[in-house]
Amino acid sequence: MATIFASGTGAGRAAIAVIRISGPAVRDLLTGLAGALPSPRLARLATLRDPATGEALDQGILLFFPGPRSATGEDYAELHIHGGSAVVNRILTTLSAFPGLRPAEAGEFARRGFANGKLDLSQAEALADLIDAQTEAQRRQALRVAGGALRRQVESWRAALIDALAMVEAELDFSDEADVSAFDRAALRAALDPIRAEMRAALLEAPASERLREGFLVMIMGPPNAGKSTLLNALARRDLAIVSATPGTTRDMIEAHLDIAGLPVTVVDTAGLREAADEIERIGVDRVLARVETADLALWLSTGGGTPPEGIPPGVEPLKVSTKSDLRPPPAGWLGVCATSGMGLGALLDAIALRAKARLGDGGSSLLIRDRHRAAIASAFSALDHAVEDEKDLEFAAEDLRSAARALGRIVGAVDVEHVLDAVFSRFCIGK
Ligand SMILES: Nc1nc2c(ncn2[C@@H]2O[C@H](COP(=O)(O)OP(=O)(O)OP(=O)(O)O)[C@@H](O)[C@H]2O)c(=O)[nH]1
Ligand SMILES: [Mg+2]
């Protein structure tokens, strides 16, 4: 097995960079770099030298974690060095030249930890989410799952299923043909009912949990010149979209990722909806109508009210926003904003936050945070529904229980095929 290395910190100028190294050559490498192997788990200040020439490269802190008690389960080390690009590049070049070492691929440290039983697949994914988390609620959600909340739940369901399976199999083994039909189905149902109820509850929460990972999607819509782009810029506090008095200015969708009351919200500025003046504008309008299908909320912008919302699908709530309220007061039932002065923006943010909170929750009880999780639980749930059907042959009920247990195993990576693991880990960043 190759020894892998990568910078665990972002590129660019920084006080400190951390280089991670994992694999069988770690001991030789540390001895080569620092003259001696540091004591396990103790920080050691050392001058790092090129093992080939003895040239001093940097002064830094070395940490050595002998396997299997390490993040990857292998011999593992961290070099805390100065974070300038010349220092980092020189150390990485030196590591490349060392026998047995090669740069790590994306997610490779986490994958080795997974292979060595340090964390399950749901935890590995949640660590990637934790790195990507932009808001408090996302951080809470990722931390819960990374801490093993989903793994523990899945293990407890699997244990209960295996008990139920043992009960069915005992019945199959020890009773003669005539008795099998007399098997107490009520007992099987009683054993499975609590699990089914818990799975149902988790499935009901899943869309909110997944949405929290992805963000609450708000589309800014309305006729040309309504002030959509001006509003986006005001919400993002940056000049993202071009604003002009010419109707039909915006053609592409422009999005801003905001943190509203700790929740992740994506706000999208769109092309004004009207009978398009040209081909490009028409494509822009078509894209808006396609994207709004997946939105959570549509802000319908208009100056002075009037235009009824159109083009907004039934599942998406429209919020009527009357723009340029410095020029015209909002009609009754419309939220008035003046994006140029900021008037009314606070109330608009409150209105968005209220809806986002209702839709996303706060991540405090999230379990099924990816569609992969939801699909596995949905398939386990339907297998259990089959298992308790009244006229079910016991042999088939046993097979249903086994298939439910296999579906659960997919969540933690216990029964996954290699290509699923490849797909999951390749989405991680290098050095993770
Ligand atoms: N007085 C006033 N003018 C505004 C306000 N908001 C936007 N405007 C002006 O209205 C015009 C159109 O603004 P945009 O933000 O480009 O409008 P839009 O809805 O994005 O227009 P399209 O991209 O063409 O669909 C610009 O001249 C803005 O300066 C406002 O709150 N008050
Ligand atoms: Mg615009």
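Analyst: Happy to. Two strands count as paired if DSSP finds at least two bridges between them, and strands (E, at least two residues) and helices (H or I, at least four residues) are DSSP runs numbered from the N terminus. This is a predicted model, in which local features need pLDDT of at least 70 and side-chain atom pairs count only at pLDDT 80 or more, while totals for chains, interfaces and linings use all residues. Residues are numbered from 1 along each chain as its sequence is written, chains are lettered from A and ligands numbered from 1 in the order in which they are written, and side-chain values use heavy atoms, with hydrogens and water left out.

Now to the sheet. Its six strands follow the order E8-E9-E7-E10-E11-E12, and the pairing is mixed. Strands E8 (254–260) and E12 (335–336) are at the edges with a single partner strand each, so one side of each has no neighbour in the sheet. Further in, E7 (residues 216–221) runs parallel to E10 (residues 297–302), and four bridges link the two. As background, strands of a sheet pair through backbone hydrogen bonds, either parallel or antiparallel.

The loop between helix H9 (228–236) and E8 holds Arg 237. This residue is not a glycine, yet its phi is positive, near 55°.

Next, the ligand. Ligand 1 is surrounded by 22 residues, and the closest include Lys 228, Thr 230 and Gly 248; a residue is near a molecule if one of its heavy atoms lies within 4 Å of it. By type, this shell has eight nonpolar, 11 polar and three charged residues. Here Ala, Val, Leu, Ile, Met, Phe, Trp, Tyr, Cys and Pro count as nonpolar, Asp, Glu, Lys and Arg as charged, and the others, Gly among them, as polar.

Finally, the wider setting. The domain assignment, which is automatic or from a database, gives domain 1 (3–115), domain 2 (149–211 + 368–428) and domain 3 (214–360). The C-alpha centres of domains 1 and 3 are 49 Å apart. In the part of the chain covering residues 3–118, 26% is helix and 33% is strand.
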